[in-house]
Amino acid sequence: MPAIITMRGLSAAEVAMMEFAEKLSTESAAMTDADSRSLRDHGFTDREIVDIALAAAARNYYSRALHALGVEVDVPPGLSEPLRSALVDTL
């Protein structure tokens with residue numbers, strides 16, 4: 001089970017969204033309509049599913065560009081350690 005899913009305080013819909021984004025990020029070629037259907041089953045609209053997919057894809061594109069260019073990431077001050085880790089450790 002992915003580490004992000006163990007974070008407390010997430011609703012079932014938020015967990016489903018994170019699972020969708022993680023799958024898009026790690027094995028997008030294996031995605032099927034069942035992945036979108038899972039989000040619909042949690043109450044997301046088709047428009048929201050598109051937004052989730054595009055946001056995850058954009059994040060992936062941006063992260064890969066940073067890797068390719070060797071860019072150091074500026075971490076805003078005041079982020080909690082769990083949030084900082086979730087946003088930066090995978091870059």
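Analyst: Happy to! Let's start with a cut-off: buried means under 20% relative accessible area, exposed means over 50%, and partly exposed is in between. Please keep in mind that this is a predicted model.

User: Why does valine 73 count as partly exposed?

Analyst: Valine 73 has a relative accessibility of 32%.

User: What makes valine 73 part of a nonpolar surface patch?

Analyst: Val73 makes the patch with Val75, Leu79, Leu83 and Leu87, and its area is about 330 Å².

User: How do you know whether serine 36 is buried or exposed?

Analyst: The relative accessible area of serine 36 is 17%. Buried means under 20%, so serine 36 is buried. Serine 36 belongs to helix H2 (residues 33-41). Beyond its neighbours within four places in sequence, serine 36 contacts Phe20 and Ile49.

User: Which residues make up the largest nonpolar core, and where do they come from?

Analyst: There are 10 residues in this core: Ala13, Ala16, Phe20, Ala21, Leu24, Leu39, Phe44, Ile49, Ile52 and Ala56. Helix H1 (12-27) and helix H3 (46-69) supply at least two residues each, and H1 gives the largest share, five residues. In soluble globular proteins, nonpolar side chains tend to be buried together.

User: What does leucine 24 touch?

Analyst: Setting aside residues up to four places away in sequence, leucine 24 touches Met31, Ala53, Ala56, Ala57 and Asn60.

Definitions and conventions:
Residues numbered from 1 in each chain as written. Predicted model: local features only at pLDDT ≥ 70, side-chain atom pairs only at ≥ 80, totals over all residues. Heavy atoms only, no water. Core = buried A, V, L, I, M, F, W, Y, C linked by side-chain atoms within 4.5 Å. Buried < 20%, exposed > 50% of the residue type's maximum accessible area, 1.4 Å probe, protein only. Helix = DSSP H or I, 4+ residues; strand = E, 2+ residues; numbered from the N terminus. Contact = heavy atoms within 4.5 Å. Patch = residues over 30% accessible without salt bridge, like charges linked within 9 Å, V, L, I, M, F, W, Y side chains within 5 Å. Areas by Shrake-Rupley, 256 points an atom, 1.4 Å probe, with all protein chains shown as cover. Salt bridge = Lys/Arg side-chain N within 4 Å of Asp/Glu carboxyl O.
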